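I opened this notebook to record what I looked up in one structure. The entries follow the order in which I checked things.

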Amino acid sequence: MKLKSLASIALVACTFVACDDTTEGIGTSLTDNADKLSVSTATFTASTKSVMANSVLSRNLYGYLGKIKDPETNSYLIGNYMTQFHSRSNFSMPDQSKVGKEDGKVVADSVKLVLFYNVEYGDSLAPMQLTVKELSKPVADNKDYYADFDPEKEGYIRENGIKLSQSYTLKDMTAAKPSASDSIIIRLDKPYTDKNGNTYNNFGSYVIQQYFADPSNFTNAYKFTKNIVPGFYFKHQEGLGSMAKIFNTQLNIYYHYTEKLSNNKDTTYVGLADFMSTDEVVLTNNFINDKEALQTLVKDNSCTYLKTPAGIFTEVELPVDEIMKGHENDTLNSVKIEFNRINDTYQGKYPISAPKTLLIIPADSIQSFFASHSLPDYKKSYIAYANNNLYTFNNIEGLVKAMYNAKEKAVKTGNLSENWNKAVLVPVEYSTVTVQYTTYPTNLCHYMGISSARLKGGKDAVKVSVIYSKFANKEN
């Protein structure tokens, strides 16, 4: 029997084990007596604890806006966001001679920012107020930003630019699909002065006059944000009780133009120049959490916590040495670990949902993993979904073997990290696409929505189930 056959036979063995509690006779049934496959199982325990997430990479398509009171900590969470706008490569307007004018210059009839939302937390009738501020320069697109990034403190706000307040409430969002009414509207129809001191009847007139001055600035998002509209910062100003998840921010500019019909009569039409926040431009979130309140949960050893946004992760110390001891030359077929969620006892009107998707990843790799826009490889990083109060990682054998091999190498060089056998559970937003029955991952980022879960652990150990296999006689 060649060694290269071991993995495939062991896989078959695992299938038999899954169907039958006894492993007696499996090796004999698959191989001859001179080359028996031995399958064994073992159970170990892992220890867990809560750890502060601190700053997490803010890279997603959603902006969060509002202020709520966390029922678990009785502390406050504030969400603000900044976004740029995308200009389509085929963007165009009617011939300048056809567009409505005042004093010989093309003008916009009206202009507004529209913040579309499809998820909210809290009281939809809570009175809220935001402030929108114009940026003086675009936030660079060649670097990463974290959830504590504050455009104001970093000097991105234009001193004499647009600064408007808008009151709003969120409506009931039980409708199956969002509509245009599920939005916050901010009108920019007041006179506007650009950075060069030029005045316009409104912000929209500034934008469309820039188009006719140089249409090339509208051919891509980079030129548009650099030369025309750097972006806007939306900041919670007043109110308590709701958080909106903004899935699209639009800059809509309305104007009128004339076209001649076949009978040579002029007909007036309404035109729309719209620019959207898309994944091709930069969007950053700024969350303000009460770190001291979160620390009280971290210190709670009765369980462990998962809390977003930018709140708490669960750290897992895996029993790598124990798993590998005496099995250094065996095949590690399966390492299964489950995390049981404790039911929430909160009886308030607005309970917080548990995260739906978890990533398990080596503790020392969190920053580099997200900074490099990595996807789970099911070798050292794995995804699990919430199912009946369980997050189950069915087989993290690759992670265990990678930790063990890294330790062996580090011991020789004297560079063993204290986190060598520690992994972290991170709530994530994970998207895939299926092509011809094959599913491919497309994007993974930190989950920035409001979520919380308590897991069994802390003072209580978590069970790790392992399946090994080996041949009694190996042909080299």
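**Entry 1: the chain as a whole**

I note at the start that this is a predicted model. I looked up the secondary structure and found eight helices and 25 strands. The chain has 476 residues, and buried residues make up 48% of them. I then took the contacts with a sequence separation of 6 or more: 77% of these join residues 24 or more positions apart. The accessible surface comes to about 23,900 Å². Carbon and sulfur atoms hold 47% of that surface.

**Entry 2: V229**

I picked V229 and asked where in the chain it has its place. V229 is in the loop between α4 (221-227) and β12 (232-238). Its relative accessible area is 2%, so V229 counts as buried, the limit being under 20%.

Which residues is V229 in contact with, leaving aside its neighbours within four places in sequence? I list F85, F203, V207, F224 and L251. For L251 I also took the separation: V229 and L251 are 22 residues apart in sequence, and their C-alpha atoms are 10.0 Å apart in space. Two of these contacts, F85 and F203, return in the next entry as members of an aromatic cluster.

**Entry 3: aromatic rings**

I described each pair in two numbers, since a pair of aromatic rings is described by the distance of the centres and the angle of the planes. The count for the structure is 26 aromatic pairs.

I looked at Y192 and Y206. Their ring centres are 5.3 Å apart and the planes meet at 50°, so I file the pair as tilted. Y192 is in strand β10 (residues 192-193) and Y206 in helix α3 (residues 203-213), so the pair, 14 residues apart, links distant parts of the chain. Both Y192 and Y206 are buried.

I then took Y378 and Y382. The ring centres are 5.7 Å apart with the planes at 90°; the angle is over 60 degrees, and the pair is therefore edge-to-face. Are the two residues buried or exposed? Y378 is partly exposed, at 42% relative accessibility, while Y382 is buried, at 5%.

I also looked up which residues belong to one cluster. F85, Y192, Y200, F203, Y206 and F232 form one aromatic cluster. The tilted pair of Y192 and Y206 is thus part of it.

**Entry 4: lysines over rings**

I noted two cases of a charged end over a ring. The charged end of K67 sits over the ring of Y76, 4.9 Å from the ring centre. For K137 the ring is that of Y156, and the distance to the centre is 5.1 Å.

**Entry 5: salt bridges**

How many salt bridges does a search of the whole structure find? The search gives 13.

I checked R88 and D274. Their side chains meet in a salt bridge at 3.4 Å, N to O. R88 lies in the loop between β3 (76-83) and β4 (101-102), and D274 in strand β14 (residues 266-276), so this pair ties together parts that are 186 residues apart in sequence. R88 is partly exposed, at 35% relative accessible area, and D274 is buried, at 14%.

I checked E134 and R158. Their closest N and O atoms are 3.3 Å apart. E134 is in strand β7 (residues 128-134) and R158 in the loop between β7 and β8 (163-168); the two are 24 residues apart, and the pair links distant parts of the chain. E134 is buried at 6%, and R158 is buried at 13%.

I checked D460 and K459. This salt bridge has its closest N and O atoms 3.3 Å apart. D460 is partly exposed, at 39%, and K459 is exposed, at 54%.

I also recorded a network of salt bridges that links D70, E72 and K307.

**Entry 6: a nonpolar patch**

V433, V435 and Y440 make a nonpolar surface patch of about 250 Å². V435 has its place in strand β22 (residues 422-435). Its relative accessibility is 42%, so V435 counts as partly exposed.

Note on methods. Residues are numbered from 1 along each chain as its sequence is written. This is a predicted model: local features need pLDDT of at least 70, side-chain atom pairs count only at pLDDT 80 or more; totals for chains, interfaces and linings use all residues. Side-chain values use heavy atoms; hydrogens and water are left out. Patches are made of residues with over 30% relative accessible area and no salt bridge: like charges are joined within 9 Å, nonpolar side chains (Val, Leu, Ile, Met, Phe, Trp, Tyr) within 5 Å. Accessible areas come from the Shrake-Rupley method with a 1.4 Å probe; for residues, only the protein chains shown count as cover. A salt bridge is a side-chain nitrogen of Lys or Arg within 4 Å of a carboxyl oxygen of Asp or Glu. Helices (H or I, at least four residues) and strands (E, at least two) are DSSP runs, numbered from the N terminus. Buried means under 20% relative accessible area, exposed over 50%, partly exposed in between (1.4 Å probe, protein chains only). Rings of Phe, Tyr and Trp (its six-membered ring) pair if their centres lie within 6.5 Å; planes under 30 degrees apart count as stacked, over 60 as edge-to-face and the rest as tilted. A charge sits over a ring if NZ of Lys or CZ of Arg is within 6 Å of the ring centre and within 35 degrees of the ring normal. Contact means heavy atoms within 4.5 Å.
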